[in-house]
Amino acid sequence: MYPASPRLGRAHLGASTFFASAHPSESCGSNGLPLTPNSIRIYGQARALQLINHPHLCSYVDIHRGKHERIMVIQEYYLLNLRVAAQKYPEMRSPQGLARLAHQVVQGLVYLNNFGTVACTLSPENILIDPRGQAKLYNYGLYYMTEAGTSVSFPLGTVQYTAPEVLLMQAGSQEGGGGVTGATVTGNPVWDVWSLGMVLAEILLGCTFFSGCKDMEELVGEVLSLALSPNPLQHLAQSHNACHSLEGLPGELKDFVSLCLTVGPSERPVPRSLLSHRLLQPFILSASLVPVHPHFPVVDPSLCLIDFAHFKAKFSMMENSGPTLTDYPLHAETEASLEFPKDSTKPRLKRDQLSERSMREVYHLWQLAGGNVEQELKKQKLIKIKPSILTLPSVMVVEGEVFGGDISHSQQLEATTIVLPLHTLRSRLAHIPPEKYYPLITQGESGTDELETSQLPLVIRERDVEYQLHRLLSFQRLLQAYPHKGDSILKEARKDTPPFYRALVWAALLNVDGAVAHTYQQIDKETPTPTDRQIEVDIPRCHQYDELLSSPQGHAKFTRVLKAWVVSHPHLVYWQGLDSLCAPFLYLNFNNEALAYSCLSRFIEKYLHKFFLRDNSAIIQEYLAKFSHMIAFHDPHLFNHLDNIGFIPELYAIPWFLTMYTHVFPLQKIFLLWDTLLLGEASLPLCVGVALLRQLKDRLLQFGFNECILLFSDMPDIDMERVVRESVQVFCSTPRSVTFRQHERPRPDPSQASPAHNAAQAGQQDLVMDGVSLPELKREKCPRVCGADLLELLAHKRSHSGRAKVLVVDVRSPEEFARGTLADAINMPADTSLGPDGTLLMGPQMEVLSSYRGKIIAVIGSRNGWDQVVKFAEAILVQEFPRVCTLHKGVEVFRASGALMVPS
Amino acid sequence: MVGSTRSDECVCEVTLGVEPQSITVRVPVAVPANICPVELAHRLILHHNIPIYLHNELSEKLQAFLQNRTEEYHRQQDQRALQGLREGRTSVSDAAAAWAAKYSQVLTGLAILEAVSGAAWPETITCCCSVEGYIMRVVVQLGYIPQPYLSKKQEAEGCENELLATMYHSLVHSPTVVPLLGLEHSFASTMSSLVAQREHALREISERQTQEMSSTVSKVGVHLTDDDVNNLAARHLEDSQLLEVQWDSTISVLRENQKREFKTFVEESFAGREVTTPVTPKDFIKGDTESVLVESSEPSQEESFTIHLGAQMKQMHNLRLLSADALQLCKYLTLDLSDIPPQRIQTSMSLYSHNLNGLVLLVDDRINTYTGIKRDFGRVCRKSTELHFPDLEDQLEVVRNTVPQVVQWRRDHPPPQYDCDEDAPPPPPVPQHLKAGDFYITRHSNLADVHVMFHMVVDDTLHTTDINSRHPVILGLRNVLKVACLGDITTLTIPLLLTNSMSEEMTMSWCQKRAELVYKCIKGFMMEMSSWGGAEMKNMQFLVPKGISEELFQHLASMLPNIFRVSNPLVVKSS
C-alpha cells in the first residue's frame, strides 16, 4: 500500500548521525532572505528517499533534525557487511557468490538510477548482507540528500573505492553553499560501477587495497595512478602481489570486473547495461527496477502495467530466497534469542509478529514506547557533546566574526551506525495474541473496544503503544479496502485518527477516489500564470516554523500543488490563505503531491464552496452573518458585549473561515481540529468558531474594542481538545436550519440529508429553509429556524415525556393567536409586551418564559408582522436568553401541514 | 560534486506516430534537469494540440532522450577531467594535495573523547593517547590518515578540561553534591575573608602612613628637613609595596592550594573513594570575619512577564525587568560558613549543562581590570578562587592576544564599498583595538548567578539620544544572542538603557526612547533566533541601574507588555 515501507523482517533499525555544514555568518540568499539552514535542506530532500523500496536497498525509515544542525538518519540495518562476510563465509568469496552479489548490487544501482540519483558511497562497508545472504546497499542516499555533497563539509564516499574522475573533479571544486533551489542532483551512474569493480576486485584478489598508504595524499595518488594505467585490474594485481589469484579466475568474472574498472567514463558501461552482461545472465531479477510512485486509493488503474512486472519478479524470486547464513552475527540482546531459537530443528511456535510489520510502523511504535533516537545515540556514545561553556568563543566582532573557541561543531562524518534496541517495545507488546495482528474488518472487529485505554483522553490514547498498535492494525486493513470500506473508516475515525495514518484517513474522509496521480500529472504546473508572484510571496510566510515546509523542497512542492489547484479550477482564483489551507495536506502527503492536491480540492469543495470565487464577498458576508447568529444563539452574554463595543466578526473571523483555522494555529493543533472537522458537515467550522470564542469569553468580556483587536491579531494559546469537544456539543444543539447557508454546496442527496427533509413534500416547500437576502441577514441578530425543524423539535418533545426542548412564543395579537397556533405555544403579543423603546415589559407570561431559559425559544409571528418578531426576539436576546430563534417565513408555513391548532 | 548544479540547454527532437501521419516535436530542455517526462509530455499535448493517444509514446521517447543526454553530459564532463590528467594539465600530486586539504579541514573538528567513565586524573595522559587511538580508528574506518592538527599541549589541556567537566557534572548531580559544594563554599569563604583582610591591612597601613606623613610634614622646618619627608615617603612606599606583595603571595598560595585540593577532591570522589574534606588552612584567618561584607543582592524593584512569540507556533519566554547593579547578580548574598547559598547549588549544577546564564557588561575598549566597572568586576572575581576556568586575568590575557588577530581580520575584510556613492569618505583606518559593538567573553564558576560574561565594548555615542537599530552596540546585542543560541545560554541579562549608571542627561524621555529601541530590537532578535536552530532563550532579563526612580521603573515596566504584546494575562477561574 501507499507508504511503501517493507516489513521489518530480520532487519535492525540503525541510526547514524552527521552535521550539516553551517552557512558563513550573516550570508543571505539572492532574494535577500537569510539562507535556509543546510540541515533543513537535507531534511526536506531526504524525505523522498523514503519512497525507495527495493530488496537490495536498505530502506530509509525516518530522519530527524537535532539542535545545532545535526541530522539523524534511521535506516534498515544489518550487522554483517560485505567486508566481514567475505572473510567469514567462503561462499561469499566464490566466483558464483560474487556473481550473485554483483547482480544484486547492480539491480540496486539501476533502481537508484531510475529513481534519479547515484550512490557515490559504494564500499564494502556500505554493502550489508542480510541473514539470507542478500546484498543490501546502505547509506546510498547521502549523495541525494546532501544535494551532491553541497550541504555538508565532508567529502562523500571512501577514497579507495571512488572513481578517479570524481576525485579529480572534487579536488577542483569549491565548497558549495547550496544556494540554488531545486538544483538537480543527478550524478554519473558509472561512478558507482567503478566502485563496484573495486569492491569486487578486492575480494577476488583477497587483499585490502592501498593499505600501505600513510596519508591521504598518497592514497589519492594511488587511485589516480590507476586512471593512468591501461589495465587497472592488472595494475592492482601487480601492485598487491596477487597476480596468481587473478590467473585462476573464470573468464566471465574477470571480464566483468575489468569492464567495471574501465578508466574512461565514456567507455565504462552504466549499471543498466551491465545487467545484460554474460556473468549476470543466469540470475533472475529480484524485483521491479522501476520505482513505484505512492498511490492511494490502492487500486489505481494507471499503475496496473507497472505492477504486473513487479509481481512477476516478486513471484519468481522473493519466495525462494535461500537458506539463512549460519552463525549470522546477532545483536547482543534478548530479541536475538527470540528470533533464533537455539533449537532450530523444532518448528518455531512463537513467530515474532512485530517483524511482520512494516519498518516505519515499528519505528513509530518504538518511539511511542519511549524510544528517542537522540537519547539512544547519546547512550551509545555516538553523540558526544562537549559542555557548551567550554566551546564559547573568546571574541566576537560586530561584523559577526568569531575568534577562539570551537562553537562550530565538528563536521566529520561518523561512519558508525548504532542499532536501536527493540526489546522494550517487544516486551510491551509480548502479551498480545497473534490473532490480534490480523483483525477481521468485515465483522466490524476493531480490537480496541475492550482496551481500558479507549476510554481515556485523546492525548493518552495517541501516546499509548498498545492502543496505537491496534489502531494501526485495523486502519491498515480498512485503508487497504478503501473505497469499499469507506463507511467503516468514517466510523472508526469518529473514535480517533491514528497519527501514523492520518494522511490516508483524511483522504478517505474526503472521499478521494479515482486516478489521483494520473489526474495530477495531467495538470500543467510549469507554465507561468499571473498568480505566480503572489504564491511566491506567500509561501515563505506559511508555517515556516516547520522544517519540512520551510525546506526548499517544501517550497517547490507548495508551488506545484498551489499552481495545480489554480490552473485546474479556472472559475476560482487564488486568495491569500489558500497557502495555509494547503499546508496540512502537503505536510501529511509530502511524498505524494497528487494526493495532497486531491485532498485540497475535495476539502475546498466541501467546506469552502465558492469561497475562492473572484468576487466572494457575498459568500463571506453570509458566512459571517451566520457566525454572528450562532454567537447570539449560543452565547447571548458574549454577543451583547461584542455587539456593544462594535467588535463584529468581519474584524477577526475572515481568516478563520477562509483558511479553516490553518492560518491561526500551528500544524499540530490543526491536525487535532481537522480530525473532527473532517468528520462533520460544512457547518461545523461555525461551531468551532463559537467554541473558540467561548474559550476566550472571560477575557473578551473584560476587553474593550482595542484589546479585542490585539487579542485576535495574535491568537493566544488555545486548548484545542476542549474546542473540539465543545464545538461538537454546539453542533449537536443547533437546529440544522440555523446554519443554513444559501451558498453552501448543495447536499448531494436531499433525501438523506435529514429526516426533516424527508417530510418535505412538494406541498410543504415552505417548511424548509431557503435563502434570505444578505441585508436582511445582517440586520437580524437572531437566527431563523425553518418550520420543519421546529416541528421536529416539538415532535421530539411529544415522544419523550420529559421537559420540552423548545418553547414557542407567539407574538401575534391574542385574536390571531386564538385562531390557531402551534401546540403548547405561549402568547406574548409584541404590541403589549414590548415597551416603546423596545424593552421587554413584565407580563403574565414572563414567568413561563424565564423557566425556559436555556431551552430553545422560537419566536413565531405572522409573515406580515415580521418586524415585530425580530424586535421581540432581540428584546429577549438583550435579556440574555440563549438559543433564541425566529420562525422563517412566519406561522403561515404551517397552514398546509395542519400543525396549527386552537390553543386550549 | 561539481557540474551537477550547472546544466546545458539542448533541443530535444522526437518523432511520433507512423508515416504518413508522424509528428515531430521539438522542445528545448535543460540537461541535467529533474523534469518529469510524463508531465512534460502532458504539457506538450495540452499546449500543442497533439492527439492524446500519442502521450505514452511521447513520454517514453522524452524519457529516453533525457536519460541519454544526461548520461552524455556527465560522460563529457568526466572525460574532460580525466583528459586533463592524461595530458598533464592537472597533476596527480595537485589533486591529491587538494583532497588531503579537504579532509584535514574536516578533521580540525575531530576532537573526540573516549568515554571518560572511570578514568581518574593521573590517567590523563593515557586518556589522551586513547583519544588519538580513537581518531586513528575513525580514520581507518573512513580510509584516510589525519594530519596532526592540534598541538599536543592544547589537546591535553582541552582533554583535561573536559574530563574535569564530565566528572564534576556527574558529581554535582549525585549525593556527593553536598560535600562538593561545601568544599567550594568553604574555599570561597576562606578566600574572601583573606581578601578582606588584605584590604583591611592595606587600608590600615595607608591610614597610618598618612598620619605619619602629615605629622612629619607639619614638623618640616622645625626639626625635620625636606629630605626626611622624602625618605619617609620612600619608606612608606616600600612598606606598603612589601605588604601588598606579602598579601598577594599569601593569596596566590591559597589559590593554588585550593585549586589543587579541589581537583584532587573531584578526581578522588569520582573514582568512588571516600574523601575527607580537606582541612581548610585556617591559619590564614585571624578572626575579623565581620569584615566580610554582606551586601543585599535583592534587586530593589523587579517585574516579570511571560510572553509568547511567533506567528502560529508560539514559543514561550519569560521576561524580567529589574533594577539592580549589574555586579549584584555576580555576588553571593551571604558568605556565612554554615550553609551553602541556594544560588551556588543552582549555578554549579548548571555549569556544564545546556542551560547557562549570561550577563552583558558594558566596558570600554581597554581589556583590563583597572578602572570603573571593570575594576569592581575584577574584585568580585578575586573574592573567591576560580576553580574551573583560568583566572580572570589569564582569560583577559587570551583576549588581549586575540586582538591582533581581530585587527588583521578587519584589514582583510573591509566593509563593502558601494559604487553608487563615489564621494563617500574613505573608510576610517582600522583601529588597533576592539571597537564598539565587539565583545569578549569570560567564563566563570565562582559568580552567583552568572556563568558567562559578555564584555560589550561601548563608546560615548551611546549617551546621545539619536541611536538607531543599526548602532554597533545593538548589532553587538544581536551577536550576543547568536552566541547565546549556539552556546546554550538560556538566561541572559542585558542592560536595558545600555548604560551602567544613570547620569544627568538621561531624562525621562531619553530613557523611554532608549528602552523602546532596545525592547523592539531584542524582540526582533528573539523572533529571528527561533530559526537559528540553537537553544531557546528561556529567560530574558532587562537590567536598569539601581538608582532609578520608581516612577521611571513603572513606566519602563508598562512599556514592556505593550511592545512584547503580553495581551493575554493568565485568567484564573474560580470554577
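V785(A) stands opposite L887(A) in β13(A). The model is a predicted one, in which local features need pLDDT of at least 70, side-chain atom pairs count only at pLDDT 80 or more, and totals for chains, interfaces and linings use all residues. Residues are numbered from 1 along each chain as its sequence is written, chains are lettered from A in the order in which they are written, and side-chain values use heavy atoms, with hydrogens and water left out.

Strand β9(A) and strand β13 (residues 884–887) of chain A pair in the parallel sense over two bridges. Strands (E, at least two residues) and helices (H or I, at least four residues) are DSSP runs, numbered from the N terminus. Two strands pair if DSSP finds at least two bridges between them. Both strands belong to an open sheet of five strands in chain A, with parallel pairing and the order β9-β13-β12-β10-β11. At the edges stand β9 (784–785) and β11 (826–827) of chain A; each has a single partner strand, so one side of each is left without a neighbour in the sheet.

## The antiparallel sheet of chain A

Another open sheet in chain A has four strands, ordered β2-β3-β1-β8, and its pairing is antiparallel. Its edges are β2 (60–65) and β8 (418–419) of chain A, each with a single partner strand, so one side of each lacks a neighbour in the sheet. Strand β1 (residues 12–19) of chain A runs antiparallel to β8(A), joined by two bridges. One bridge partner pair is G14(A) with V419(A) in β8(A).

β2(A) and β3(A) pair in the antiparallel sense over five bridges, and H64(A) stands opposite M72(A) in β3(A). These two strands form a hairpin with four residues between them, and H68(A) in the turn has a positive phi of about 55°.

## Helices on the sheet

Helix α1 (residues 38–46) of chain A lies across β1, β2 and β3 (70–77) of chain A, at about 160° to β2(A). Helix α15 (residues 359–368) of chain A also packs on the sheet and touches β1, β2 and β3 of chain A, with its direction at about 40° to that of β2(A). Axes are lines fitted to C-alpha atoms, for helices over the stretch in contact, and angles run from 0 to 180 degrees between N-to-C directions.

## Two loops of chain A

The peptide bond from Y482(A) to P483(A) is cis, with omega near 5°. P483(A) is in the loop between α19 (465–480) and α20 (486–495) of chain A. N241(A) has a phi near 55°, a positive value in a residue other than glycine. N241(A) lies in the loop between α9 (232–239) and α10 (243–247) of chain A.

## Where chain A meets chain B

The contact (heavy atoms within 4.5 Å) takes 104 residues from chain A and 103 residues from chain B. The two chains bury about 9,300 Å² between them, 62% of it on carbon and sulfur atoms. Buried area is the accessible area (1.4 Å probe) that two parts lose on being put together, summed over both.

There are six salt bridges between the chains, where a salt bridge is a side-chain nitrogen of Lys or Arg within 4 Å of a carboxyl oxygen of Asp or Glu. One of them joins the side chains of K525(A) and E39(B) (3.2 Å, N to O). Strand β6 (residues 395–396) of chain A also pairs with β6(B) in the antiparallel sense over two bridges, and V395(A) stands opposite Y440(B) in β6(B).
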